[in-house]
Amino acid sequence: MKGDKRPMLRPLYSRRGRVEILHGSGGRAMAQLVAELFKVAFDNAWLEQGNDAAVLPQVSGRLVMSCDSHVVSPLFFEGGDIGCLSVHGTINDVSMMGAQPLYLTASFILEEGFPFADLERIVASMASAARDAGVSIVAGDTKVVEKGKGDGVFITTTGIGVLREGIVLSGDLAQPGDRILLSGTIGDHGMAVLSRRENLEFDAPIFSDTAPLHGLVATMLDCGARVRVLRDPTRGGLATTLNEIAQQSGVGMLLNESAIPIKKPVEAACEFLGLDPLYVANEGKLVAVCAPEDAVHLLEVMRAHPLAREAAAIGEVAEDSRRFVQMNTRLGGRRIVDWLAGEPLPRIC
Amino acid sequence: MKYLDEFRDAALAEHISASITREATSSSGYRLMEFCGGHTHAISRYGITDLLPATIRLIHGPGCPVCVLPVGRINQAVRLVRERDVILCTYADVLRVPCSGQMSLMRARSEGADVRMIYSTQNALQVARENPERQVVFFAIGFETTTPPTAVAVKQAHASGMENFSILCNHVLTPAAMQAILSARTGKMLDGFVGPAHVSTVIGSKPYERFAAEYSKAVVIAGFEPLDVMQAILMLVRQINQGRATVENEFSRAVTREGNLKAQKLVAEVFELRDAFEWRGLGSISESALKLRPEFSRFDAELKFGVDYVPVRDHKACECAAVLCGEKRPQECRIFGTVCTPENPVGSCMVSSEGACAAYYSYGRFREELT
């Protein structure tokens, strides 16, 4: 072989290109995938270095870390896809502690035969979501499983953020009398995914609310209100999140059903599929528990932010050793809003 | 939302509530059975009992198809997937019903059995078409509402000569269950029924007329929206106050006296009466369920795979039986909310969202310690 002859590598993106087992086995094919797809899309010095781990600069403040796996089906839905969802999901988990998210890692489990065109679309969506949120995807991993052993692609992201002095948020800090605020309508994400899955078409399409919430959180924490708990009601919906807080804080809650915002098409779709929107996932909403005196101000601040225009005060924390979340129904009766039990819901995040 | 908001209107609810309170003054009270799980669910989810005076006592009926299915029927399904290696297609709420040997379809699935959750009989047919080399069984359950779609599926399978599709038939009949309740102890103390909603769209209001006449019980057929239920309660109170016992139809937007004749004809083409069928709680009731007619018997999974029904006793602490025939309230069961919870159900009434125990546990148990 002459010295100037290089081995030919097939281009990654032929129109019918698909993931092969080789792309996860650590050889040239994998190196090509990383170089041509991930490094180009995520575009930062840490990835470019190509080391086993990213060495990050020193930060001032406590570190906050979280991770989230994404197995949504279908991969693409109205208002988003598994790519941006996997970025927003982890950014939001870090943000709910009051932290500024800085870095993400992304781990891909790809199924043999998955089209490169789809993977490219997903990676582009992740890159753009990360860029918009001001975070860098600094490390990653790719594995390929045999056909039939995965469902296209699963993505796990891990996030690190920094928390400035003086911020203490925790699920065990809710106190009787505190107000419960919700940043907007419930059920949008879950119903966007489910209606795509069930091929339901409504007059007005339902869009996922997937969005990064750290900007909204920063605004809320800067306004001086005494915020005690922040949490994003993702899988399991608002009902599950409130039960978690009640459990952790050893309190009860009383909600007002007619105060909980919900879009009409979402309500209709829930009705159609026999689902209670209180249990349907959100990906761009948060619940805040705050001191009663600060609720009005905090609500105003939230409503001034583009991601919380429809924020509402939905209830208050009450003393209750049984830790029940109760709700005054819109009909005028009362009921428990319990932990999710019963039918397994399809994969929506 | 059209057809929804108007049936959940708080001002109207208050208005009906005031009328009921004003009129339900008989010192002997009003014992009303809401027949369907759908009603039970609406009552609990909207907190309707808070809007009723103390004179009204609502008693949950047996109208929850998952709840009335005896353990032996689930055992049959489990045997089909574990011993006959079929693909079993089922509606979701059957999955978690416990059966013999601490088993359930969900657990069988986790051990490798091929159990698939479907939304309609058409999904089951689709699974059969996509798996021509496998046998596919549809776990057909439900009252008269779900029977016509099963009949359609069987006719389609018949017409296209499908060899790998069959049904495990557990379709049951509402009037037979009502008859059983009326003949039992509970029946004598009842003043009236909130009659079935969706079932009645198929069978009409006529089948209930003989109950009103023979047993002198007021019957008001009601929809599943909260205001439907409240309006029906008001209508029942008025009948009882006037000493009448007739069948009235609150759900007139969907139910006629004759019902859906086309659906009835379809069901009659495909199904015939079983001599007897065992119900959880109500025991064996003659002519209370359906089986496939001889010309469709090759779609009968019980015959095709030779899995006979073997009766099994319920868990000895479980009071589902008494709850289902209205003799006990869920919270009167010793294991309610302790051993038996939605996460770890002992009996079927804690599984289905239409089950009285699950409805009471999920929506109403705050009342227990307050009162």
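Residues are numbered from 1 along each chain as its sequence is written, and chains are lettered from A, with ligands numbered from 1, in the order in which they are written. Since the model is a prediction, local features need pLDDT of at least 70 and side-chain atom pairs count only at pLDDT 80 or more, while totals for chains, interfaces and linings use all residues. The complex as a whole receives from the predictor an ipTM of 0.80 and a pTM of 0.87.

Helices (H or I, at least four residues) and strands (E, at least two) are DSSP runs, numbered from the N terminus.

In chain B the assignment gives domain 1 (5–64 + 185–249), domain 2 (71–173 + 259–304) and domain 3 (320–363). Between the centres of domain 1 of chain B and domain 2 of chain B, taken over C-alpha atoms, there are 32 Å. Nine residues from domain 1 of chain B and 10 residues from domain 2 of chain B make up the contact. Strand E2 (56–63) and helix H9 (198–203) of chain B each supply at least two residues on the domain 1 side, and H9(B) gives the most to this side, with six residues. The side of domain 1 of chain B that touches domain 2 of chain B comprises four nonpolar, five polar and no charged residues.

Strand E7 (residues 192–195) of chain B is covered on both faces. Gly192(B) and Val194(B) on one side, and Phe193(B) and Gly195(B) on the other, are all buried, a residue being buried if 20 or more other C-beta atoms lie within 10 Å of its own, exposed if 12 or fewer, and partly exposed in between, with C-beta atoms placed from the backbone. Two strands pair if DSSP finds at least two bridges between them. E7(B) pairs in the parallel sense with strand E1 (residues 30–36) of chain B over three bridges, and Glu34(B) stands opposite Val194(B). E7(B) also runs parallel to strand E8 (residues 218–221) of chain B, joined by four bridges; here Ala218(B) is the bridge partner of Gly192(B).

A further sheet of chain B is open and has four strands in the order E4-E3-E5-E6, with parallel pairing. Its edge strands, E4 (115–117) and E6 (165–171) of chain B, each pair on one side only. Neighbouring strands of this sheet are turned by 25 degrees against each other on average, direction ignored. Axes are lines fitted to C-alpha atoms, for helices over the stretch in contact, and angles run from 0 to 180 degrees between N-to-C directions. Strand E5 (residues 136–142) of chain B and E6(B) are parallel partners over seven bridges, with Val136(B) opposite Phe165(B). Helix H3 (residues 71–83) of chain B packs on the sheet, touching strand E3 (87–90), E4, E5 and E6 of chain B, and its direction makes about 165 degrees with that of E6(B). Helix H6 (residues 147–159) of chain B also packs on the sheet, touching E5 and E6 of chain B, at about 155 degrees to E6(B).

Finally, 25 residues of chain B are in contact with 19 residues of chain A. Helices H1 (10–23), H2 (37–45), H15 (356–364) and H16 (366–370) of chain B each give two or more residues to the chain B side, which divides into 12 nonpolar, five polar and eight charged residues. Phe324(A), in the loop between strand E11 (312–318) and strand E12 (325–328) of chain A, touches Gly252(A), Ile336(A) and Phe366(B), not counting residues up to four places away in sequence. Phe324(A) counts as buried because it has 20 C-beta neighbours inside 10 Å. The C-alpha atoms of Phe324(A) and Asn243(A), 81 residues apart along the chain, are separated by 7.5 Å.

Terms used:
Contact = placed C-beta atoms within 7 Å. Nonpolar A, V, L, I, M, F, W, Y, C, P; charged D, E, K, R; others polar. Domains from an automatic or database assignment.
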